[in-house]
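Hi everyone, thanks for coming along. I have one structure to walk you through today, so please have a look at it first.

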Amino acid sequence: MADPLSFYLEDDKTQPGTRSNFNVDYVIHYKLPTTSVKEKEEAEAAFIQLINALSAVGFATEVRPGGKSSLLVFTKIASEKLLTSQVYRYRIQDWLFGVRTSAPNQDLSKYLEEEPVSEAERLRLTYLLITKSKNEGGAGITAKVGKWKYVDSIFPLHDHDFNRRWIKAWSSKYFLDEEDLNRIRDKFGERVAFYFAFLQSYFAFLLFPAAFGFAAWLILGKFSWFYAVVNALWSVVFFEHWKTKEVDLAVRWGVRGVSRIQHPRPQFQFEREAQDPVTGEIVRVYSPFKRLARQLLQIPFALACVVVLGGLIVSCFSIEVFITEIYTGPFKQYLTFLPTVLLTIFMPTFSGLLTHLAEKLTKAENYETHDAHQASFIEKIFVLNFITSYLPIFLTAFVYVPFGKLLVPYLDVFKVTAQSFTTMEKPVTKSWEINPDRLTTQVIYFTVTAQIVNFLTEVIVPYAKRKVFKKVQEVQSEFTGNGHELQIKDHPDEADFLKRVRNEAELDAYDVTVDYREMVVQFGYLSLFSVIWPLAACSFLVNNWVEARSDAMKIAIGSQRPVPWRADSIGPWLNSLGFLSWLGSITSAALVYLFNKHDINPDGTPWDISAWALLLSILFAEHIYFAVQLVVRSLVQKLDNPGLQKERAERYALRKKLLEQTFGSHGYDADLTEEARGPGYVSSGERITREALEEEARVNATKTPEQLFWLRQRGAAETIEIGRGLMAQVAAANQTKS
């Protein structure tokens, strides 16, 4: 694992293992069982199947020890011809699905010079070749599923030279330009690039609400109807702008419409195979009525989230109100931390259980594709985030302030409990008076303090924890003695490289969904509650500058390098943004009506609120929102129509021309030959003589360590033999130790 300081050095001499990736495409982290003999035999048989499956589709493989109980299987596409074939096939697929405006030229050498294969494209196609089913020409390897349960992860290696230049450049920039996004796209794929593009657009748009919010805080104060109107207009403009920006980026990156190309889920369980009545192809069918029945379980799931998480939040909210505003007994200064302690203990537990339940429900819905599965899961996660993020403020704004006097008597149960735990004769409570600053304090906490805490828990704590755990393991190894431990003896040319790979294998996989969730929740605070504290946008502006750099650091040193998947938008999160923007118009109208013209009575007595007037203001704000949205959307669409029309015309003309002239005359998808067997391959019938070995030694003396890395094991048979030997060493070491 690279040290953060190394990313700011011109020449990183402290991390020699990061200078080269030894031409490795992917590393397969293969876990070995240390318990029963049956599991060890099963793991050995699965390892043989793994190497044979990779070799059969054209991968060169090398195996090295991964640690006390794991192996590292290094893979790369052995033949450039095989890679060219994959590139041609998938670019043709893109053209047929309308992603590309023109089909690849049959003169592939010239075509690839004009449009070379990026690193992200190579890694994506390589990963698909590893994971797609054998029926589709792949190896059919899916980590932790079925017979591949010992495959812990399949990940590409970081390009630390790029990461170092990336972090160093961003640390001295205020704004990210288009070239920065293009570099991310070429290294990590469009899915990650779209996140940073969204973050940059959101950051740029925050400049206006930050400046206007600061002026409103100085001049207009809280609960200003003028600020609420401007903030609602801003959220509409940003939402519609981003929808247009997505199209621009997708067209420029050549991925518009790529969401129509769905990757099948290996976990999909079909009931039968049938012929598609339209296309005539054989498709796998699962009853839509069964899926609908399981999708309806989202309703009780949402209710369960409200009951469990809402009940916990309401309980802690009530305890906190009682202790801070009613209780006067002993240990009050310590008891004020009780609600925080309860939330810290139970909230992650309940959220984890409900997230696990959401995963189970999504799997039960049995979607055919990864995108459909992910979209359904994100919908459930959004419900969880909505409750945990916004419910406390909703309680304060619409329950505590207007109806506190009516609800406080129900807190007598806490009064009786507190009185029973003290020997004092005088009462331990006082009459309740509303805290008029409570709502503002809560909003400040969620928009400032919570952002800082999130940064610490997301970036600093995981890095420190890995450092501490690694040190603890080293101390334990020295204390217990390593006489019976597996001794790993790496080749000197590979030692630094393998040490780095073992560290990367232990990192968590990067999930861009987590970062999207943070930004969408933050947008919700700004849209829903910034009328309470107009400086919220200023806080978010500073936070998001840091967030872009911390997310880059998280990818570079805190996570495995993500598989460079393609995308043409931010996916289901776009719907979440639209929902929060609409809800913000309603919430802001209600807050302005309740708090702008009415004084808060100290005793918490509800003021004279006309329900019909409140509903009328909400309906009026909602209709104004929809009207403004239609106007903004029509203006934006008119600005973009000429370019989109030109794109459609070019696509139609090129498709028609290619279909008339060249379609069906190409045959680049050739079978694997000796060229695809990998370097150093030795056939079963070839004799190894002394002269051959001497000649090989003379040739190898002129090769680089990267080239020699792939020549230490000749073909799948020798890789299997070496891997079985390493398994035996691990088993013997564990048996001796036990």
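I'll go from the overall makeup to the strands, the cores, the aromatic rings and a few backbone angles.

A word on the ground rules: this is a predicted model, where local features need pLDDT of at least 70, side-chain atom pairs count only at pLDDT 80 or more, and totals for chains, interfaces and linings use all residues. Residues are numbered from 1 along each chain as its sequence is written, and side-chain values use heavy atoms, with hydrogens and water left out.

Let's start with the whole chain. The secondary structure comes to 24 helices and 8 strands, where helices (H or I, at least four residues) and strands (E, at least two) are DSSP runs numbered from the N terminus. Of the 738 residues, 46% count as buried; buried means under 20% relative accessible area, exposed means over 50%, and partly exposed is in between, with a 1.4 Å probe and protein chains only. Now take contacts, meaning heavy atoms within 4.5 Å. Among those between residues at least 6 apart in sequence, 80% join residues at least 24 apart.

In the model, the span 299-323 is 100% helix and 0% strand, with its end C-alpha atoms 35 Å apart. Residues 382-403 are also 100% helix and 0% strand, and there the end C-alpha atoms lie 29 Å apart.

Next, the strands. Strand 1 (residues 26-31) has 5 of its 6 residues buried. Two strands pair if DSSP finds at least two bridges between them. Strand 1 pairs with strand 3 (residues 70-77) in the antiparallel sense over 6 bridges, and Lys 31 stands opposite Ser 70 there. Strand 1 also pairs with strand 4 (residues 151-155), antiparallel over 4 bridges, with Val 27 bridged to Phe 155.

Now for the cores. A nonpolar core here is a set of buried Ala, Val, Leu, Ile, Met, Phe, Trp, Tyr and Cys residues joined through side-chain atoms within 4.5 Å. The largest has 103 residues, and those with the most contacts inside it are Trp 166, Phe 194, Phe 196, Tyr 202, Phe 529 and Ile 532. Helix 14 (residues 370-407) gives the largest share of this core, 13 residues. If you click on Phe 529 and leave aside neighbours within four places in sequence, its contacts include Tyr 390, Phe 394, Val 443 and Leu 591. A second, separate core of 40 residues includes Ile 28, Phe 47, Phe 59 and Tyr 90.

Tyr 90 sits in helix 2 (residues 80-96) and is buried, with a relative accessible area of 11%. Not counting residues up to four places away in sequence, Tyr 90 touches Leu 125, Leu 128 and Lys 132. Tyr 90 and Leu 125 are 35 residues apart in sequence, yet 8.3 Å apart in space, C-alpha to C-alpha.

On to the rings. Rings of Phe, Tyr and Trp (its six-membered ring) pair if their centres lie within 6.5 Å; planes under 30 degrees apart count as stacked, over 60 as edge-to-face and the rest as tilted. By this rule there are 46 aromatic pairs. Why is the pair of Tyr 127 and Trp 565 edge-to-face? Their centres are 5.5 Å apart and their planes are at 90°, so the pair falls in that class. Tyr 127 lies in helix 4 (residues 119-131) and Trp 565 in the loop between strand 8 (559-560) and helix 20 (573-595), so the pair ties together parts that are 438 residues apart in sequence. Both Tyr 127 and Trp 565 are buried.

For Phe 214 and Trp 217, the centres are 6.2 Å apart and the planes at 35°, so that pair is tilted. These two are 3 residues apart in helix 8 (residues 207-219), separated by about one helical turn. Phe 214 is partly exposed at 43% relative accessible area, and Trp 217 is partly exposed at 40%.

Finally, two backbone angles. Phe 22 has a positive phi near 55° without being a glycine; Phe 22 is in the segment before strand 1 and is buried, at 5% relative accessible area. Lys 144, also not a glycine, has a positive phi of about 65°. Lys 144 lies in the loop between helix 4 and strand 4 and is exposed, at 56%.
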